[in-house]
Amino acid sequence: MDEASDQAAPAGLEAGLARAASARRPLPDGLVARLAAAAGPGHVLTAAPDLRAYSRDSWTVASLRVLHGRPLPLPDAVVLPGSTGEVAAVVKLLYDSGVPIIPFGGGSGVLGGTIALTGGVIVDTKRLDRVLEINEVGLHVTAQTGILGVDLETALGRAGYTLGHFPQSIDVATLGGLIATRSAGQFSTKYGCIEDMLLAVEAVLPEGRIVRTKLTARAATGPDVKSLFIGSEGTLGILTEATLRLHPRPEKRLGQAYEIGSFEEGLEAIRRVMRTGFRPAVVRLYDPFESAHFGENVAQGKCLLIFVSEGPARLVDLELEVVAEVMAAFLARELGPEPGRRWLARRNVVSGLPEFMSQGLVVDTLEVAATWDGVTALYQTITERMRAVKGVVSASAHSSHSYTQGTNLYLTFLALGPDGETAEDVYQRIWRAAMEACLEAGGTIAHHHGIGLQRVPWAAAEHGTSLEVLRRVRRALDPKGLFNPGKLFADPAAPGPGSDAGEVG
Amino acid sequence: MSDKAGKRFDLATQGRICVLCPNMCRYLCPVASVEKIETTSPRGKATLALGLGRGEIAFSEGEAAALYHCATCKICREWCPSNVDLPEVTRELRERAAREGMAPPAVRNLAERLIRDRSLHGPAAALAAEGASRYRQLVSPGAKVLYFAGCSTATLQPRVVAATLRLFEAAGVKVARLQTEECCGLPLDVLGFREEAAAFARGLAAAVEAGGYQTVVSGCPMCTQVMKDRYPALGVTLRADVRHVAEYFAGLAEEGALGGPAGKRDAGPPVGVVTYHDPCYLGRYQGVYDPPRRLLTGVAGLALVEMERHGELAACCGGAFTTDTVRPGTATSLASRRIEEAGRTGAGTLVTACPHCLEMLGPAGKGLAVRDIAEALAERLGVLPRRSA
């Protein structure tokens, strides 16, 4: 076992929270009244239950803290503007007053990205919930960013279209959150991830200025401003509108599953499918541990591989035929369409996590990625290191988003954590083991959950020399360091409360 | 009671599970979908309940208010793979709020009025006198079936009372009414006034026993739900078979007592296509989904087109005593949304089976006719004169 992985880490969380707390300043006199004037009375919350409700997202550490009655930093207020103009007015007020601003969508992030580390004001965008235009000729939709993913998809479905973006959080997350965390959906192999879908944005910059990027099919007009906001995690401003590509609702959807000899063979099979040029919407390969728990009668030690194809009927049939040809070379056993159907029906059920955790276990998932030439080594290294952490009951993986050049690994771990302190300790040990193993194996530390607060300690190693570019951009747009301080990547040169809070993770 | 199959956890564990879940049902929660804030999202309420229950948060009026920002519609439980029943998880805290005088002022006012008047919309005794003269020809003292209209129907929807009594008559069922119909106890029970609710329940149970009634039929699903499911929890035994109007007449229709399809009788001209709004307290609470549909299609001979959200996942109209008491604006927004959804079906009439849904949806109707199922059925069977939309 790697000695470093056995050390309680990042125990800096407690110290970091204390440091961040010391950076707290009370809100200036009269600010709440001015916020209420900007967003409307009733849309500024300062009562204790409200502040507690906004002190967390879906980060496991936050959940554990609520469960065990341990403290989390509270925001000083929450404001819910109802229009882009109101967002701009609120942001200007806060920025001019030197108050930290934490953008908030559905609160479904799993890395602590919305924790009000240094206090400040949470700006909840969920009142920005309108679909503004479904353009059937241009095949794009414009919506406000506080709309839930599911509500957008339902509206599109009524009109005969789909975004093709189905992250597990679709029922909880807002459109703005899906963009700001650089999300990927379960059908990403066909439709792409959020960065492949976004055509234009409207955003409010840290000083309160509204910017819009031009809607176009493609442009060669210099660096792409809208892309700055993809994955910006609330550090560069607040997204207020977005325009995204549409697809006609698919004519046919069909699954085809296989049992394959090993995880490594499964990865190789997916790689070959990706080389054919066909793009099944869903490609999911489960390692032997997860395959055994899937309830599909996969033989012990073997792996379940599910493809779901959708689109024009002729394309679906041909695509699955091509998949079958590839799979035949691996002597994979055909399991038919049922496993895919069952997965589709239960794909967003996550009840195991809260149920296990309510019984004193620690459960979480994390996702990494690698190119095809490194993914097998990454799988072996990361699962071995995670399993070696004391208290771990299981660490397993599946691949669920594939590309021509590589794939992701989605890891699930279960560990013993009977009380709050032990639970957080084992949690951080596992994360540290996983992140260090990932970096050593040449993987990318985050495929689609983002950085948030939890991954901050490894962000510098991930970005290497390119980190400075990101920090300069952040500094240029947010010179006071007030936007979501302490998240994504720390900026030691920023003078505001974000300057050192980034080291807390 | 709707008995959703699957896992069972005790209420404390259910609360913890809800706190630990990523709020996956939030999109279905009617209150969260309107109010937009985390505090009144399902997870927000569970988090607050955990903190209040453990004493981490001081119990005061402000803190307790969010516990009432719940439509008690149970759609979250219907969705929840862990079967978390949030209205039940928070019930004890609402009871504590009521006991300690921490319930929101609007809730306390409603409770005080209800306890004083013995009825939701004015003194029960005055209602009794009016009802006795109006429906004299349609009731049979000494009958073994009791029609319990419920105070909202009796006060606000006399046409529904007449329709229901005409349906009993058409089916050849002799029916009695109580001399004075008092509240069933549900509003107080839901709002946390447990003892006061139990007192009303005891009164009704005694009246039913004194009359020797074998069956109690009501068109109000809140009345039938509290009698069926909550009276035992309140320590009250009601010795009668309790049926909602839709259940009861669907049963009679199966025996052929109502004739139908309506076309065979003097049903009058078709009223066009209808859609049906499942009341939360009839569907998710009592599992009654098919009987009203069978009545509308099989007996009334109407064409039924479903809304996007129907049956187990039907959206709430906002008409529970929690939401519309503490946040009337939230409730009316929910009603408007439901009407929009009904409008998308192309139906000319929205039928429901609950006086509270009727009161919420009727004013929001915007050209869509909103009818109680008894009225729609009685009109189609030709036993009640039609009224224009």
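Me: To begin with, which residues does A:T243 touch, not counting those up to four places away in sequence?

Reply: Setting aside residues up to four places away in sequence, A:T243 touches A:H140, A:V141, A:T142, A:L199, A:A200 and A:L215, where a contact is two residues whose C-beta atoms, placed from the backbone, lie within 7 Å. Please keep in mind that this is a predicted model, in which local features need pLDDT of at least 70 and side-chain atom pairs count only at pLDDT 80 or more, while totals for chains, interfaces and linings use all residues. Residues are numbered from 1 along each chain as its sequence is written, and chains are lettered from A and ligands numbered from 1 in the order in which they are written.

Me: OK, and is A:T243 buried or exposed?

Reply: A:T243 counts as buried because it has 24 C-beta neighbours inside 10 Å; the rule is that a residue is buried if 20 or more other C-beta atoms, placed from the backbone, lie within 10 Å of its own, exposed if 12 or fewer, and partly exposed in between. A:T243 sits in strand β10 (residues 238-245) of chain A, with helices (H or I, at least four residues) and strands (E, at least two) being DSSP runs numbered from the N terminus.

Me: Let's go to sheets. What is the strand order in the open sheet of seven strands in chain A?

Reply: The order is β15-β12-β14-β13-β17-β18-β16 in chain A, with antiparallel pairing, and two strands pair if DSSP finds at least two bridges between them. At the edges are β15 (333-336) and β16 (361-371) of chain A, each pairing on one side only. Strand β12 (residues 252-260) of chain A is joined to β15(A) by three bridges, and A:Y258 stands opposite A:E334 in β15(A).

Me: Which helices pack on that sheet?

Reply: Helix α14 (residues 338-346) of chain A touches β12, β14 (303-311) and β15 of chain A, and its direction makes about 80° with that of β14(A). Helix α16 (residues 372-387) of chain A also packs on the sheet, touching β16, β17 (392-399) and β18 (406-416) of chain A, and its direction makes about 5° with that of β18(A). For these angles, axes are lines fitted to C-alpha atoms, for helices over the stretch in contact, and angles run from 0 to 180 degrees between N-to-C directions.

Me: What about the open sheet of four strands in chain B, which strands stand at its edges?

Reply: That sheet has the order β2-β1-β3-β4 in chain B, with parallel pairing. Its edges are β2 (175-176) and β4 (241-244) of chain B, each with a single partner strand, so one side of each is left without a neighbour in the sheet. Two bridges join β1 (residues 145-147) of chain B to β2(B), and the bridge partner of B:L146 in β2(B) is B:A176.

Me: Last topic: how many residues of chain B are in contact with chain A?

Reply: There are 28 residues of chain B in contact with 33 residues of chain A. On the chain B side, α1 (11-20), α3 (42-53) and α4 (61-65) each supply at least two residues.
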